[in-house]
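Q: Let's go through this model together and check the labels against their cut-offs.

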Amino acid sequence: MDVSGLAPIEQTALLTEYCRALDSRSGRPILADPCADTTVRQIEHDFAALGARPSVVALVALRAKMLDEHIRAHVAAHSDAVVVDIGAGLSSAVWRVDPPDTVDWFSVDLPAVISVRESLVPAHPRARSVAASVLEPDWVAGIPADRPAMVFADGLFAFLDEDAVVGILRRITGHFASGVIAFNDYGTVSKANQIVGRLATSRTSNSPHRQWNFPGFKDARTPESWNPDLRLVDEASAMHRPETALFPTGLRMASRLSHRIPSIARKARILQYRF
């Protein structure tokens, strides 16, 4: 499938899916996504130019696994849950979690991305697509508001500015009666960090790394100051997981250092808030 018509911000969905595909091809996968490799092989794109280094692949795979665990726990506690994947891209998380018939799953992304998604990602009986920008106020309109919600974002917030992230969080808590928001986070990201990341991981002007906008934050309770309805319930670093034994050498060394240097641990954390 030709995806050259996707705008640069829409092409950011390709990097995460490619990383999940590379992980699935590994002899010792972390996530072992059942669909990612099949999806990627159907796309015509220069994936080698995306900057999917082994360390990036490992972290993308592990953060997805950690988010999956949060979703499964929420669904186990709330059989009538609504799961909402914002910035879903080409993710097959719904197939990995495979929720019961009592759960409804919504995959939200820009219309062009949803078009590609529906052509490539197998349809799941519990899942529906929402073709909309999460920057628009009405993207939640068709999603049930009166059931326990599990809203998650895997990689989305990095490509938005702070005002946009704050607006999305407020829209979620304003629409749903109760639930949980979970997303991956990189701690504080300076302009220097962004420039180094772009230089180190990309050869192309359309690289996803060039779309990075979010400056991040140090204190995991910062979103509580943006939105009084949020309460931090979990802060977990991928650097402290047993799967770090499967990391490439350099990243494995960083994971060991992260136990003494909190800033390293913050570069790969999953945050969860209740509202």
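Q: Which residues lie nearest the centre of the second largest pocket, and how many line it?
A: I9, T12, G87, D109 and L156 lie nearest its centre, and 24 residues line it. This is a predicted model, where local features need pLDDT of at least 70, side-chain atom pairs count only at pLDDT 80 or more, and totals for chains, interfaces and linings use all residues. Residues are numbered from 1 along each chain as its sequence is written, and side-chain values use heavy atoms, with hydrogens and water left out.

Q: What makes a residue part of a pocket lining?
A: Lining residues have an atom within 4 Å of a pocket point; on a 1 Å grid over the protein atoms alone, a pocket is an open set of points where a 1.4 Å probe fits, with protein on both sides within 12 Å along at least five of seven lines. In the second largest pocket, α1 brings the largest share of the lining, four residues.

Q: Why is E17 called buried?
A: Buried means under 20% relative accessible area (1.4 Å probe, protein chains only). E17 has a relative accessible area of 1%, so it is buried. E17 sits in helix α1, residues 12–25 (a DSSP run of H or I, at least four residues). Leaving aside residues up to four places away in sequence, E17 touches A36, T39, V40, L90 and S91 (heavy atoms within 4.5 Å).

Q: Why is the pair W105 and F152 called edge-to-face?
A: Rings of Phe, Tyr and Trp (its six-membered ring) pair if their centres lie within 6.5 Å, and planes over 60 degrees apart count as edge-to-face. The centres of W105 and F152 are 5.9 Å apart with planes at 75 degrees, so the pair is edge-to-face. W105 is in strand β2 and F152 in strand β4 (strands are DSSP runs of E, at least two residues), so the pair ties together parts 47 residues apart in sequence. Both W105 and F152 are buried. By this rule there are seven aromatic pairs.

Q: What makes a set of residues a nonpolar core?
A: They are buried Ala, Val, Leu, Ile, Met, Phe, Trp, Tyr and Cys residues joined through side-chain atoms within 4.5 Å. The largest core here has 35 residues, and V84, I86, W139, F157 and I172 touch the most other members. α6 gives the most to this core, six residues. A second, separate core of 28 residues includes L31, A93, W105 and A182.

How values were computed:
Buried means under 20% relative accessible area, exposed over 50%, partly exposed in between (1.4 Å probe, protein chains only). Rings of Phe, Tyr and Trp (its six-membered ring) pair if their centres lie within 6.5 Å; planes under 30 degrees apart count as stacked, over 60 as edge-to-face and the rest as tilted.
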